[in-house]
Amino acid sequence: MDMSQYLEIFIEETKEHLQSLNQCLLQLEQNPNETGVLNEIFRVAHTLKGMSATMGYSKMAKLTHDMENVLHALRSNEIKVSTKLIDILFKCLDALETYLNSIINTSGEGNKEYTEIIEALNNILKNNPVDEIEKKEKQQIENKSEVIAVDSVHHTANLQLDQYDQNVINKAIEMGMNALKITLVLNKGCVLKSARAFIIFQTLERYSEIIKADPKVEDIEDEKFDYEFTVLIVSKENSDLFLKELNQIAEVEEIIIKQLQSKTIEGAEAKTEVKAQENSTKSISDVSPVEEKDQTASTVKKPKTGKTVRVDIDRLDILMNLVGELIITKTRLEGSGGTDRSQTYTEAIEYLERITTNLNDAVMKVRMVPVETVFNRFPRMIRDISKDIGKEIVLTMSGEETELDRTVIDEIGDPLIHLLRNAADHGIEPADKRKASGKSEIGHIYLRAYQSGNNVLIEVEEDGQGINVESVRKKAIERGLINKEIAHNLSQKDVIDFLFRPSFSTAEKITDLSGRGVGLDVVKTKIEALGGTVEVETELGKGSRFIIKLPLTLAIIQALLVNVGEEKYAIPLSSIQSIEKISPDEIKLVQKQEVMLLRKSVVPIVRLDKILDVKKEEKQSKLTTVVIVKKGERLSGFVVDSLIGQQEIVIKSLGKLLSSIKSIAGATILGDGNVALILDVNSLI
Amino acid sequence: MEEIINEKTKQFIVFKLGKEEYGIDIQKITTIEQMKTITRVPKIPVFIKGVINLRGEIIPIMDLRSKFNLPEAEETEDTRIIIVNIEEEPVGIIVDAVAEVLSLTEEAIENLNNLSTDLSMEFILGVGKVDDRIITLLNIEKLITL
């Protein structure tokens, strides 16, 4: 069978499963007695095993199988949750992830065996204190298997029971029902075996519930069996009734009915199954078998999934482009028609406007993904880091449900990892130092996401030592980035900005995690490439907070269109603070830099025509129009010739050939079909 | 019919720049468009004129005249933009006029490698000779590097 068509689904689902395993293991570490979590882990591991085996990834299946064994032992209280155990399980996850990555890249699982992990898993099992019981069980099987060997004439009679089946049987017996194993042999001359089988099944189903069949029910229906098959049923009726009923069906040659006891072991041979047995036996004698029941219920229940469709992001991009085109055409229609528009025309246009807006919102929403998909790997990361560096750190996350455009989500992971590592490594002080400064020994890192207007803010805050502004200032002077006098006049904010310069590190020693000075400038570049900004607030001794501000969407924005000379440019509305009209003599010169005063603060002036090399005739007008734009806290005044108006624009890339131009963020198509360039405010300030 | 197209024949679009004739492999060409309004983009190499909107797509436009150091020409009714695909990215080039589609056998293409070592010759694939015409065949990938 060709599995390639399922590969993508396999990859996606495995990713999700690994993620949820990660989360559950973390939970388990905190609450070792939480059976619900353990059950969930078991369920996911089991699914993973099944999936990888189906896809033919035998090494993955092997690893998950051994994991399952350990989890099983955990669940039946044979072993206790320990940090060592959790560590090994996490290692398993990492190994599985490596397999998955190899599958993604090469569609083969690679040839790493991870024998040491498998060994570690098996060691855990070997050292378990209930060893003796296990041995006894094994003996029991051996005894049993002799008995079974007697009726091996009917080869299907050795129906293998897994734990789930056994649980169901136990539960049924508990409720006073009969569990029966019925082996049916059909007449050799039987022509329509499947039809016969169908009638038998119908008869059985009238009185009972079929738990298992050998061969599988589907196979039986497809006539993929010889002349005999075995079914396992639970029923309120006893075996006599079935014997009578089944005898009435023609062409049934032989009926063997065997009553099952809750303790019977039917040809179990694998260690897991033995334990399943033991486990379930316990549950019957236990005072409260409720737990076991729940477990059965949860195994039966399908994992909760909404009705969803997986869509290739490219298809969404196409949809997005089409919506963009529609908006452009709408704008164009709005502009045409002249003065003698009829009322119906205006109404139709208004209606069209409403629909396109809704359509746009809908498409945008489809592309939105909660930041949770990025956040959920961080608890594990912080756990590992805090173990590595020996600091106790608690990560508190909030706002995981905040949604961002898919393209942003894909890019935001790395910068956040950088920031979190920085926070753990540089920010949080060692325990003794924390104690000395009167803080609790446990360091706290907060990761928050929330929406504010048309932006999403993500904050990484830590209650560590804060950034020593003076040492940054010193470092900047040492590096010759700035001369002494200017350095001393710089504000705290300006000094902190040096941290975002390439290869600027204040860490005294380089650790594995951070300190090589390649961190923050990468963070900054990445965030700015996404159209966002990074800011830092810090207080020495109290901690610092990195604030990432990202646009909600990337593709369609509100912009102000302006004229510079004959050319039209778009400035994103989100970065505009205000528009001022000033007389030319209000522009002053400070150190050859043109500035203006805006509500008592000095704002540098940028003449767009000069920066953009626009050819135009100098003309003297009474008032100069200045668009005040902001980048974080910093303001700048862009001098333009005139304003055209506010418009919804679709951002298009300029393509590879022109990607190196700094001052232009992209282009958009105007209603008249012409192209206007979008200014990159960040690089112009 | 003498002109049977066998596997050794290549088709070229022939266009004019001034008095010279150039050819581009037809496989590389997406469409040929009428002249459109070009939006100037600041801070780009001089031989790139700007960008156009081609059915919703923004496409950079190159001026071959300035790339080949030819004097600027007035835009006429014959001026065309040839859209070529370079590594999946569309790029437009302005030409004075598009003349014809020409089939050339391998024998009719003369390799120029032994004629000159000049670097600027890198983007010239060879020279096609048809009757008494000489057509410079361009290697468009070498001409436009992303």
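This is a predicted model: local features need pLDDT of at least 70, side-chain atom pairs count only at pLDDT 80 or more; totals for chains, interfaces and linings use all residues.
Residues are numbered from 1 along each chain as its sequence is written, with chains lettered from A and ligands numbered from 1 in the order in which they are written.

Let me begin with chain A, which has 24 helices and 22 strands, where helices (H or I, at least four residues) and strands (E, at least two) are DSSP runs numbered from the N terminus. Chain A has 685 residues, of which 31% count as buried; here buried means that 20 or more other C-beta atoms lie within 10 Å of the residue's own, exposed means 12 or fewer, partly exposed is in between, and the C-beta atoms are placed from the backbone. If we take the contacts in chain A between residues at least 6 apart in sequence, 69% of them join residues at least 24 apart, a contact being two residues whose C-beta atoms, placed from the backbone, lie within 7 Å.

One sheet in chain A is open and is formed by 5 strands in the order 6-8-9-11-10, with mixed pairing; two strands pair if DSSP finds at least two bridges between them. Strand 6 (393–398) and strand 10 (533–539) of chain A each have a single partner strand, so one side of each is left without a neighbour in the sheet. From one strand to the next the twist averages 15°, with axes taken as lines fitted to C-alpha atoms, for helices over the stretch in contact, and angles running from 0 to 180 degrees between N-to-C directions. Strand 10 of chain A runs antiparallel to strand 11 (residues 543–551) of chain A, and 7 bridges join them. Helix 16 (residues 378–389) of chain A lies across strand 6 and strand 8 (443–452) of chain A, at about 165° to strand 6 of chain A.

Helix 17 (residues 406–427) of chain A bends by about 35° at A:Ile412, with a proline, A:Pro415, following within four residues; the bend is the angle between axes fitted to the seven residues ending there and the seven starting there.

Turning to chain B, we find an open sheet of 5 strands in the order 3-6-7-5-4, again with mixed pairing. Its edges are strand 3 (29–34) and strand 4 (48–54) of chain B, each with a single partner strand, so one side of each has no neighbour in the sheet. The twist here averages 30° from one strand to the next. Strand 3 of chain B pairs with strand 6 (residues 80–86) of chain B in the antiparallel sense over 5 bridges, and B:Gln34 stands opposite B:Arg80 in strand 6 of chain B.

Finally, where do the chains meet? The contact takes 20 residues from chain A and 16 residues from chain B. On the side of chain A, the elements giving two or more residues are helix 13 (313–335), strand 21 (664–669) and strand 22 (675–679), and the largest share, 3 residues, comes from strand 21 of chain A.

From chain B, consider B:Asn53, which lies in strand 4 of chain B and counts as buried because it has 23 C-beta neighbours inside 10 Å. Leaving aside neighbours within four places in sequence, B:Asn53 is in contact with A:Ile669, A:Gly673, A:Asn674, A:Val675 and B:Ile58.
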